[in-house]
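Reader: Hi! I'm new to reading protein models. Could you walk me through this one?

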Amino acid sequence: MSSRRNFIKNTAIASAVVAATPTMGFSILKKSKPDQPILGHGDYTYKVNNDWAQISAINNPLLNCHEMEMDSKGRLIMIGDHTKNNIIIFDKSGKVLDAWGTAYPGGHGLTISNEGGEDFLFLADSGWYLNKTGKWIKHNGRITKTTIDGKVLFDIGHPQTIGVYEPGENFCPTEIAIGPNGDIYVADGYGQDYILQYNYKGEFIRRWGGHNNANKDHNLQNAHGVAIDYRDKNNPMVVCTSRNEQSFKWFTLDGKYIKKLKLPNMQVCRPVFDDANLYAGVCWSQPKEGKTNWKDHTGFVTILEEDKVVSNPGGTAPEYKNGALQKSYQLENKPILHGHDVCVDEDKNLYICQWNANKTAPIKLERV
C-alpha cells in the first residue's frame, strides 16, 4: 500500500514538472487553485474539492444530496429531495449529463442493479418532504424500480396492503440492496425499522429487525441503510445500519443474525463496500464536551479495512486501546458537515453526499 502511495505522489510531482515546462514557446500551465486541505489518515488521505460539481442552482436546484452510485458506464447518479430534479447524473469531471424526477419529494435511497448488462435504479422515497411553507412533513414512502432515464417499472408500496404491517404503522423506507439472486432488501429506516425482503418481482418473502426481539442484538434502531457484503464471495451477507446504536449488524441472506460492529460516537449511514473496505458517511457525532442536536453540523466519513477503522476523513484519527475502538470526533473546522453517503470510483476517489449542507452539491475527496 505504501509503495502505491509513493508511486502516485511521485507521478503527481513528475506531471507537475512536465506541465510547467514551456513547449514550443508557450506554457501549458493551468490557473492554480488555492491549497486544498488534506483529510484522512494513514494510507487513506484526500484533497478536498468542494467545487467538483459543475451545477447551476437555477437549472438544478438542491435541497439535500442523499446518495450516489456509479453505473456501468462510469456515470455518477445522485438522488436528492428537490422535486425539480430528484435524480442528477454527473460524469466524473462533475459535468451534469442529465436530471429528472419530480415524483419523489422524499428522495433518499438509490441503488443500481445491473441485469443482463443493463442498469436499473431502485429508489427509496422516505416519506419526509419539505412542503410549500417550508415545513418538514412525514407521510408514507415507497420503493420504485426505474430505468436509468426514469421510466417506472414497478413500485413496492405500503406493507399494510399485503398484511405485513398493521393500519397506522408508517412505512418510510430509506434504502435498498439487491441480493445475488435479485432479491430486494428494503430498510424501513424512518418507519418500523424492519428489513423487508422481496423477490425480484417485488413479492414479499420475509422481514426481520424491528424493536421487539428477545435477543436485543436482533433489533434495529434507525435501520437507515442496507447493503450486501460480497467480500467473502462464498458467503454474501446482508449488512444493516442501526444508526441510533452507532453500529452495523450482519445477517444471513435470509435474516439470521451474525454479528454487530460498534462504532463509538458515529451515527453512520449506509455501508458502502469497495474491495476489502467498508466506507460510510457519519451523519452525526457528539463533541468531546457538551451536546449537539440533529440540525447541527457534526458529521464526517469513516473508512474500515475489514472490521477495523483506519481513517476518518473530516474527523479525528481512529484510536484503539486494548483492541477497542475509542470515540472519534468531527474536526473543529467542519470540512464535512453531514456525511450521508460515500461513492467510490475506480481511482479510489470519494464523492460525499451531504444532508443539511446549505443546499450544496456533493464534494469530491481526491485520493493522494
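Reader: Let's start with cysteine 269. Which residues does it touch?
Author: Leaving out residues up to four places away in sequence, cysteine 269 touches His224, Thr241, Arg243, Phe248, Gly281, Cys283, Gly339 and His340. A contact here means heavy atoms within 4.5 Å.

Reader: Is cysteine 269 buried or exposed?
Author: Cysteine 269 is buried, and its relative accessible area is 0%. Buried means under 20% relative accessible area, exposed means over 50%, and partly exposed lies in between, using a 1.4 Å probe and protein chains only.

Reader: And where is cysteine 269 found?
Author: It lies in the loop between strand S21 (267–268) and strand S22 (272–274). Strands (E, at least two residues) and helices (H or I, at least four) are DSSP runs, numbered from the N terminus.

Reader: Before we go on, what kind of model is this?
Author: It is a predicted model, where local features need pLDDT of at least 70 and side-chain atom pairs count only at pLDDT 80 or more, while totals for chains, interfaces and linings use all residues. Residues are numbered from 1 along each chain as its sequence is written, and side-chain values use heavy atoms, with hydrogens and water left out.

Reader: What is the mean pLDDT of the protein?
Author: The mean is 92, and 90% of the residues reach 70 or more. pLDDT is the predictor's confidence in each residue, from 0 to 100. Over residues 1–32 the pLDDT is below 50, and this stretch has 14 contacts in the model beyond near neighbours in sequence.

Reader: New topic! How many helices and strands are there?
Author: The protein has one helix and 30 strands.

Reader: What links S1 to S2?
Author: Four bridges join them, and they run antiparallel. S1 and S2 form a hairpin with two residues between them, and glycine 42 in the turn has a positive phi of about 60°. Leucine 39 has tyrosine 46 in S2 as its bridge partner.

Reader: Why is S2 called largely enclosed?
Author: Five of the six residues of S2 are buried, so the rest of the structure largely encloses it. Strand S30 (residues 363–367) is mostly covered, with four of its five residues buried.

Reader: What about tyrosine 351, which residue of S30 is opposite?
Author: That is lysine 364. Tyrosine 351 in S29 also stands opposite cysteine 343. Five bridges join S28 to strand S29 (residues 350–354), and three bridges pair S29 with S30.

Reader: Last one: how much of the whole protein is buried?
Author: Buried residues make up 50% of the 368 residues.

Technical notes. Two strands pair if DSSP finds at least two bridges between them.
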